[in-house]
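Please follow this explanation with the sequence and the model side by side. It moves from the surface to the sheet, and then to the contacts between side chains.

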Amino acid sequence: LLDTMGGEVNSKEIQKMTKSLKNLSFDFVTFGTPARYPWALNQRMRLIHFINHRSHDVLGGKLVGALMTKSGDYIQQWGGEGSDMISPIPREKELNKKLDQILDKGADLDIMRKNILKRQRLHNQGHHFLVDYGDNGEFPNFLKTLFGHAVYTRLDLLKFHFQIIYNRFYQ
């Protein structure tokens, strides 16, 4: 391993750094992260999820509304198990097969289709903010909004996100 100055880091230094991490607290914030893998938080970890969502329930949208981003972030909803792209690089294909055994099935259209039909929005842990960002349209706007997933990067929403994070974590 190399440190930030380009020098090597020995195993004793790594152990020392790892021990110091045990006493730290961590706050995590996600923006449109799919509810794919379980979170394993402890007492020193807090988590907020921002999800572009338009509905009276917590389910994601139906496929028919995707072209107008009728129900919010379809990428967040569709990014479950089976949604990975298949790598054209043989070495990466082998690595992905090994990861499939540890995590979940990365690329599998049948599993992906089943997960999309579940319309899952919520993660297993953390506080969810289901926000109507108002990016839906009457005409197909899925390219402009990246199926409702691009809204989180809008500069005019930065203050809104920071205020919620501050209120939830630091006030």
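Leu-21, Leu-24, Phe-26 and Phe-28 make up a nonpolar surface patch whose accessible area is about 320 Å² together. A patch consists of residues with over 30% relative accessible area and no salt bridge, where like charges are joined within 9 Å and nonpolar side chains (Val, Leu, Ile, Met, Phe, Trp, Tyr) within 5 Å. Accessible areas follow the Shrake-Rupley method with a 1.4 Å probe, and for residues only the protein chains shown count as cover. The model is predicted: local features need pLDDT of at least 70 and side-chain atom pairs count only at pLDDT 80 or more, whereas totals for chains, interfaces and linings use all residues. Residues are numbered from 1 along each chain as its sequence is written, and side-chain values use heavy atoms, with hydrogens and water left out.

Phe-26 also belongs to strand β1 (residues 26-31); helices (H or I, at least four residues) and strands (E, at least two) are DSSP runs numbered from the N terminus. Its relative accessibility is 30%, so Phe-26 counts as partly exposed, the class between buried (under 20% relative accessible area) and exposed (over 50%), with a 1.4 Å probe and protein chains only.

The sheet is open and has three strands in the order β1-β2-β3, with parallel pairing; two strands pair if DSSP finds at least two bridges between them. Because β1 and β3 (127-131) stand at the edges with a single partner strand each, one side of each is left without a neighbour in the sheet. From one strand to the next, the twist averages 15 degrees, with axes taken as lines fitted to C-alpha atoms and angles running from 0 to 180 degrees between N-to-C directions. Six bridges pair β1 with strand β2 (residues 45-52) in the parallel sense. Across this pairing, Phe-26 stands opposite Met-45 and Phe-31 opposite Phe-50. On the other pairing, β2 and β3 run parallel and are joined by five bridges, with Leu-130 in β3 as the bridge partner of Ile-51. Strand β2 is mostly covered, six of its eight residues being buried.

The structure holds 11 aromatic pairs, where rings of Phe, Tyr and Trp (its six-membered ring) pair if their centres lie within 6.5 Å, and planes under 30 degrees apart count as stacked, over 60 as edge-to-face and the rest as tilted. Trp-78 and Phe-147 have ring centres 5.2 Å apart and planes at 55 degrees, so the pair is tilted. Since Trp-78 lies in helix α2 (residues 74-78) and Phe-147 in the loop between α5 (142-145) and α6 (158-170), this pair ties together parts that are 69 residues apart in sequence. Trp-78 is buried at 17% relative accessibility, whereas Phe-147 is partly exposed at 22%.

Another salt bridge joins Asp-135 and Arg-54 (2.9 Å, N to O). Asp-135 is buried at 10% relative accessible area, and Arg-54 is buried at 12%.

Notes:
Salt bridge = Lys/Arg side-chain N within 4 Å of Asp/Glu carboxyl O.
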